[in-house]
Amino acid sequence: MTPLLEVHDLHVDISLSHARLHAVRGVSLVVGTGEAVGLVGESGSGKSLALRALLGMLPVPVRFAGGTVLLDGEDVTGLPAKQRHRKLTDAMSMIFQDSLTALNPVMRVGDQIAEAPLRKLGKSRSEANAIAVDLMGKVGIPDPERRFRSYPHELSGGMRQRICIAIALSTKPRLILADEPTTALDVTIQAQVLGVLRRLKEEEHVAMLLVSHDLAVVSQACSRLYVMYAGKVVESGRLMDLVSVPKHPYTFSLLRSVPDPDHRVDRLLTIDGQPPDLSESLTGCSFAPRCPFATDRCRGEDPELEHVEGAVGAPRQSACWHFDSADRWAEAVQAEMARQR
């Protein structure tokens, strides 16, 4: 089947006063119809900018610097701006990270949900309002008729995020781009919001591209995963494969940083060092300065994202010269943890 969304070699730059920062450097990804895909990495790795670039929502001085976007197999990159925007927004919508700033503070939440059906789908005011009330019920808002008249500041963070999900659904998209939709929510509300997204995928067959820095979040909603570091995808594959046997030291380092309640340690394992300065030209693997397993080849040659032999099911890719050394990485961490006990 033709994928719903294909992105090839996406580049996004930021113009600074003294340099040009290459925030997204050649990202490629695929999302199938009805599929939930995760995009994870540290803050500043380029995840959110990649998402915004797909819908042409980059703020100044950020710009789309190259790449190809295919929707249902059709290249929409070269279309006139208005036509491209129309095609993309007909198929996709976005849930933003901060629900309080994403919503209009002086507009009732029901009217904000009804706006797209009214203006874009050509519905009457009564039809648009009915759609809004129905969507509020679908995303789990109690007493939607009364909440329809509420303002954003009158709702809790979890309720506001549900309103944002309802707005994203109001144009009947086939793909939702979710940019850190559970940020700043407590664990219980996070679980509720993720439950709403899972139910939409199962019942409405809505595909999802979920951006997060939290592996626990994506593991509850996604079946495949792309891992980003310093503006590039460094590993991809089925979620369970990546979690059980990571094939890139960065993925491995993210996983080992997650606290394990079964093993008491004096100090949590962290990733030493800082991400590279993307306004400068990089030599070798961008993770090499922070990688405890880097070799001279890693520091001198930048590995491409290559298929990993022996992967079962979904294709598995890694941008590491030593992706077959996962056993050695695990042994090193076990020894480090043993020293701390």
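Reader: Which strands does helix H1 lie across?
Author: Helix H1 (residues 47-54) lies across E1, E2 and strand E4 (62-71), at about 110° to E1. Helices (H or I, at least four residues) and strands (E, at least two) are DSSP runs numbered from the N terminus. Axes are lines fitted to C-alpha atoms, for helices over the stretch in contact (heavy atoms within 4.5 Å); angles run from 0 to 180 degrees between N-to-C directions. By the way, this is a predicted model, with local features needing pLDDT of at least 70 and side-chain atom pairs pLDDT 80 or more, while totals for chains, interfaces and linings use all residues. Residues count from 1 along each chain as its sequence is written, and side-chain values use heavy atoms, without hydrogens and water.

Reader: What is the strand order in the sheet?
Author: In general, strands of a sheet pair through backbone hydrogen bonds, parallel or antiparallel. Here, the open sheet of four strands runs E2-E1-E4-E5, paired antiparallel; a pair needs at least two DSSP bridges. Strand E2 (20-31) and strand E5 (74-75) are the edges, each pairing on one side only. E1 (residues 5-15) and E2 share nine bridges, and Ser-15 has Arg-20 of E2 as its bridge partner.

Reader: At what angle do H4 and H5 pack?
Author: About 120°, with the axes of H4 (residues 109-119) and H5 (residues 125-138) 8 Å apart. The two are therefore oblique, since under 35 degrees is roughly parallel, over 145 roughly antiparallel, 65 to 115 roughly perpendicular and the rest oblique. Residues in the contact include Ile-113 and Leu-118 of H4, and Ile-131 and Leu-135 of H5.
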